[in-house]
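Please look over the sequence and the model shown here before reading on. The report that follows takes up charged pairs, a strand, a loop residue and a pair of helices.

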Amino acid sequence: MTVELVTGDLTAARVDVIVNAANSSLLGGGGVDGAIHRKGGPAILEDCRKLRAGHYGRGLAVGQAVATTAGRLAARWVVHTVGPVWSATEDRAGLLRDCYRNSLEVAAGLGASSVAFPLISSGIYRWPKEDAARQAFTVFRTLPPGIELVRLVVFDAETREAAEKALPVLRLP
Ligand code: AR6
C-alpha cells in the first residue's frame, strides 16, 4: 500500500480512478471539476446527466461519492464527490473525511487499485489547506481491500507546503 503526495495536474494522472471535487448538481463547475470535464470531454457530463435522471434526481449529497466514465482521461473512471463548504462556526470535518472514505469505497467496488485525489474543498469551498490535508491523510491510514495506491495531487507549491505539514498524520499509530 502506497500513499503519495504529488504536485501537478490531477487530470493527467495515470491511475484507475480520478476523484472529482464536484458540487451536488453533478453538472460541472470551476476549479478541478471544470478541468476534469474539459479534458475528459462530453461523455462525463452525459453520464452525470443520466445519474441526475435516475437515482440522483436531487443531486449528490455532501460526503457521498458516485462513479462515471472518465471519457478521454487516462483514468478508467471518475468518482465524483461533494466536499463541504468550510465553516468557521460548524465542524464539518466528518463530512470531508466521508468524501475520501466513500470515494475509496466506490473505487474499490469498481475493482480499481489506484486512486488520485485533489485536495477536496480547499479551493472554491475555502477549507484551510493544512487541515484539509490532515483530514485526507487521516482517512488514508486505512485503505479498503484492493486499493494499492492513493495519490493526493496538489496544484501549487503553497498547497504542497501545507499538505507536507499534515503528512505526519499518516505515521501516527
Ligand atoms: N489538478 C489538481 N488540483 C487542482 C486542479 C488540477 N487540475 N485544479 C484545481 N486544483 P476546487 P472545492 C486544486 O475549487 O474547493 C467547483 O466549481 C485547487 O487548487 O476545484 O472542493 C465544483 O463544481 C484546490 O486546492 O474544489 C464545486 O462547485 C483543490 O483543487 C466547487 O468548485 C480543490 O479546489 C468545489 O470546491
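**Terms and basis**

A residue is called buried when its relative accessible area is under 20%, exposed when that area is over 50%, and partly exposed in between, with a 1.4 Å probe and protein chains only. The model is predicted, so local features need pLDDT of at least 70 and side-chain atom pairs count only at pLDDT 80 or more, while totals for chains, interfaces and linings use all residues. Residues are numbered from 1 along each chain as its sequence is written, and side-chain values use heavy atoms, with hydrogens and water left out.

**Salt bridges**

Side chains of opposite charge can pair when their charged atoms come close. A salt bridge is counted here when a side-chain nitrogen of Lys or Arg lies within 4 Å of a carboxyl oxygen of Asp or Glu, and a search of the whole structure finds six of them. Helices (H or I, at least four residues) and strands (E, at least two) are DSSP runs, numbered from the N terminus.

In helix α5 (residues 157-166), Arg160 and Glu164 are four residues apart, about one turn of the helix, and their side chains meet in a salt bridge at 2.9 Å, N to O. Arg160 is partly exposed, with a relative accessible area of 25%, and Glu164 is also partly exposed, at 38%. Helix α3 (residues 93-110) holds Asp98 and Arg101, which are three residues apart and so separated by about one helical turn; the closest N and O atoms of their salt bridge are 3.7 Å apart. Asp98 is partly exposed at 26%, as is Arg101 at 39%.

Arg92 and Glu90 form another salt bridge, at 2.6 Å from N to O. Arg92 counts as partly exposed at 24% relative accessibility, and Glu90 is partly exposed at 46%. Elsewhere, a network of salt bridges links Glu130, Asp131 and Arg134.

Strand β6 (residues 149-154) is mostly covered, with six of its six residues buried.

Two strands pair if DSSP finds at least two bridges between them. Strands β1 and β6 run parallel and are joined by six bridges, and in β6 the bridge partner of Glu4 is Arg151. Strand β5 (residues 114-117) also runs parallel to β6, with four bridges joining the two; here Phe117 has Leu152 as its bridge partner in β6.

**A buried loop residue**

Ala13 is found in the loop between β1 (2-7) and β2 (17-22), and at 6% relative accessibility it counts as buried. Contact means heavy atoms within 4.5 Å; leaving aside residues up to four places away in sequence, Ala13 touches Ile18, Ala74, Ala75, Ala116 and Arg151.

**Two helices that cross**

Two packed helices are described by the angle between their axes and the distance between the axes. Axes are lines fitted to C-alpha atoms, for helices over the stretch in contact, and angles run from 0 to 180 degrees between N-to-C directions. The axes of helix α1 (residues 31-40) and helix α2 (residues 42-53) come within 6 Å and cross at roughly 115°. That makes α1 roughly perpendicular to α2, where angles under 35 degrees count as roughly parallel, over 145 as roughly antiparallel, 65 to 115 as roughly perpendicular and the rest as oblique. Ile36, His37 and Gly40 of α1 make the contact with Pro42, Ile44, Leu45 and Cys48 of α2.
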